[in-house]
Amino acid sequence: MVCLREPPQLVLGLHFLGPNAGEVTQGFALGIKCGVSYAQVMRTVGIHPTCAEEVAKLRISKRSGLDPTVTGC
């Protein structure tokens with residue numbers, strides 16, 4: 001997810017690689033077109049039953065330097 005750094009941290013776009021990527025990005029496109037913020041995405045449940053659920057679990061930024069490896073469910 002690509003977001004503005006300053007509040008309300010609007011989502012500018014989404015990069016997604018993996019199974020069903022077309023359906024996943026299409027599912028988030030509506031929110032992005034409507035001006036969704038990072039906080040709003042975090043308060044939602046991921047699109048079921050796909051790997052799109054991972055988008056709603058994004059908690060670190062690339063800039064933070066933290067390890068993004070998923071370690072559990």
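Phe-16 is buried, at a relative accessible area of 18%. By that I mean under 20% relative accessible area, with exposed being over 50% and partly exposed in between, using a 1.4 Å probe and protein chains only. Before going on: this is a predicted model, in which local features need pLDDT of at least 70, side-chain atom pairs count only at pLDDT 80 or more, and totals for chains, interfaces and linings use all residues. Residues are numbered from 1 along each chain as its sequence is written, and side-chain values use heavy atoms, with hydrogens and water left out.

Back to Phe-16, which sits in the loop between β2 and α1. Helices are DSSP runs of H or I with at least four residues, strands are runs of E with at least two, and both are numbered from the N terminus. What does Phe-16 touch, leaving aside its neighbours within four places in sequence? Its contacts are Ala-21, Val-24, Thr-25, Cys-51, Ala-52 and Val-55, where contact means heavy atoms within 4.5 Å. Cys-51 is 35 residues away along the chain, and the two C-alpha atoms are separated by 10.0 Å.

Next, Val-11, in strand β2, residues 11-13. Val-11 counts as buried because its relative accessibility is 6%. Outside four places in sequence, Val-11 is in contact with Met-1, Val-2, Cys-3, Ile-32, Val-36, Ser-37, Tyr-38 and Val-41. Ala-21, 10 residues from Val-11 in sequence, is 18 Å from it in space, C-alpha to C-alpha.

Ser-37 belongs to the loop between α1 (21-33) and α2 (38-42). Is Ser-37 buried or exposed? At 8% relative accessibility, Ser-37 is buried. Not counting residues up to four places away in sequence, Ser-37 touches Pro-8, Gln-9, Leu-10 and Val-11.

On α1 itself: the helix has 13 residues and reaches 18 Å from first C-alpha to last, close to the expected 18 Å. The expected span is 1.5 Å times one less than the number of residues. Just after α1, Gly-35 takes a positive phi of about 85°.

Now the cysteines. Searching the whole structure gives zero disulfides, a disulfide being a pair of cysteine sulfur atoms within 2.5 Å. Cys-34 is exposed, with a relative accessible area of 61%, while Cys-3 is partly exposed at 25%.

The grid is 1 Å over the protein atoms alone: a cavity is a set of points where a 1.4 Å probe fits but cannot get out, a pocket is an open set with protein on both sides within 12 Å along at least five of seven lines, and lining residues have an atom within 4 Å of a point. Points are joined across faces, edges and corners, and a volume is the space filled by probe spheres set on the points.

The count is one cavity of 30 Å³ or more. The largest cavity holds about 40 Å³, and its lining is Met-1, Val-11, Leu-14, Phe-28, Ile-32, Val-36, Val-41 and Val-55.

The largest pocket has a volume of about 940 Å³. Its lining has 23 residues, and Leu-58, Arg-59, Ile-60, Ser-61 and Lys-62 lie nearest its centre.
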